[in-house]
Amino acid sequence: MKDLSNGLVTPDGSKVLNVQEFDNFVLQIPKRYKTIFELNVITGMRYIEVQRLYDNPKWYSESRNQIILPPEAQRKVKQKLVKRTIDKLPSTFSYIFKDFINGTRPPDRTSWNRDLARWSAKAGIDPKVGPKTPRKTMESWMLKAGIPEIEIYSRQGHDPVTSLRHYQSLSFTDYEMRDIQKRLTEWGILK
């Protein structure tokens with residue numbers, strides 16, 4: 001059974017990180033995988049989309065500092081968007097992206113899940129970080145930081161009902177909210 005005592009677990013059981021947990025977790029990731037995880041959190045992309053982005057670097061526009069995901073990037077059964085634009089990326093994202101493209105290929109989902117569980121144990125994070133954690137962490141941070149819901153929906157590629165169902169029950173402390181706002185500002189997501 002998942003530990004729900006910290007309130008940072010979505011109804012589907014996915015762990016959402018606070019900033020301190022994020023920082024502790026990243027310290028446990030070997031250097032060759034660190035950029036994959038950080039890019040996954042910053043973009044809020046699904047892990048399969050991260051894997052496809054690695055094979056299609058042209059989806060990132062450095063001049064616009066945006067990732068434009070065409071339908072073949074998303075391939076979700078209920079997908080309604082022709083394309084999805086991921087913006088509000090850090091001004092330094094082009095460097096992160098270059099490290100990502102020139103780095104280790106994102107591992108298959110099974111290996112990645114095992115790695116996430118191992119790093120969670122090392123970081124003392126329970127329930128463990130799963131493949132949905134990066135995406136749900138970013139969405140919840142943005143929502144709680146006051147970014148307009150319509151911007152989050154379009155960036156993340158789902159409808160308002162889905163977002164509200166996942167995140168309305170999450171509760172960050174005042175201290176955690178201060179850290180979230182600071183981190184989102186550092187990343188250029190919150191102005």
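I began in helix α6, where Asp 115 and Arg 118 both lie, 3 residues apart, or about one turn of the helix. I note at the outset that the model is predicted.

Entry 1. I looked up how Asp 115 and Arg 118 interact, and they form a salt bridge whose closest N and O atoms are 2.7 Å apart. In general, side chains of opposite charge can pair when their charged atoms come close.

**Entry 2. Other salt bridges.** How many salt bridges does a search of the whole structure find? The search gives 13. I followed some of them up.

In helix α7, which covers residues 133-144, I found Arg 135 and Glu 139 placed 4 residues apart, about one turn of the helix. Arg 135 and Glu 139 form a salt bridge, with 3.5 Å between the closest N and O atoms. I noted both Arg 135 and Glu 139 as buried.

In helix α10, residues 174-186, I located Arg 183 and Glu 186, which are 3 residues apart, again about one turn of the helix. Their side chains meet in a salt bridge of 3.2 Å, taken from N to O. Arg 183 is counted as buried because its relative accessibility is 14%, and the limit for buried is under 20%.

I also recorded a network of salt bridges that links Asp 12, Lys 132 and Lys 136.

**Entry 3. Pro 107.** I returned to Asp 115 by way of one of its contacts. Pro 107 touches Tyr 33, Ile 36, Tyr 47, Gln 51, Trp 112 and Asp 115, when residues up to four places away in sequence are not counted. Where in the chain is Pro 107 found? I placed Pro 107 in the loop between α5 (93-102) and α6 (109-123). The relative accessible area of Pro 107 is 13%, so this proline is buried.

Entry 4. Which element gives the most? I found that α2 does, with 6 residues. Sorted by class, the lining has 5 charged, 3 polar and 3 nonpolar residues. The space in this pocket is about 200 Å³.

**Entry 5. Asn 18.** Last, I looked up Asn 18, which sits in the segment before α1 (19-28). Its relative accessibility is 10%, and Asn 18 therefore counts as buried. With its neighbours within four places in sequence left aside, I listed the contacts of Asn 18 as Leu 8, Trp 141, Phe 172 and Glu 176. What kind of contact joins the side chains of Asn 18 and Glu 176? I recorded a polar contact of 2.9 Å between these two side chains.

Definitions and conventions: Residues numbered from 1 in each chain as written. Predicted model: local features only at pLDDT ≥ 70, side-chain atom pairs only at ≥ 80, totals over all residues. Heavy atoms only, no water. Helix = DSSP H or I, 4+ residues; strand = E, 2+ residues; numbered from the N terminus. Buried < 20%, exposed > 50% of the residue type's maximum accessible area, 1.4 Å probe, protein only. Contact = heavy atoms within 4.5 Å. Polar contact = N/O pair within 3.5 Å; in protein donor to acceptor, adjacent residues only side chain to side chain. 1 Å grid on protein atoms, 1.4 Å probe; cavity = no way out; pocket = protein on both sides within 12 Å on 5 of 7 lines; lining within 4 Å. Points joined across faces, edges and corners; volume = space filled by probe spheres on them. Nonpolar A, V, L, I, M, F, W, Y, C, P; charged D, E, K, R; others polar. Salt bridge = Lys/Arg side-chain N within 4 Å of Asp/Glu carboxyl O.
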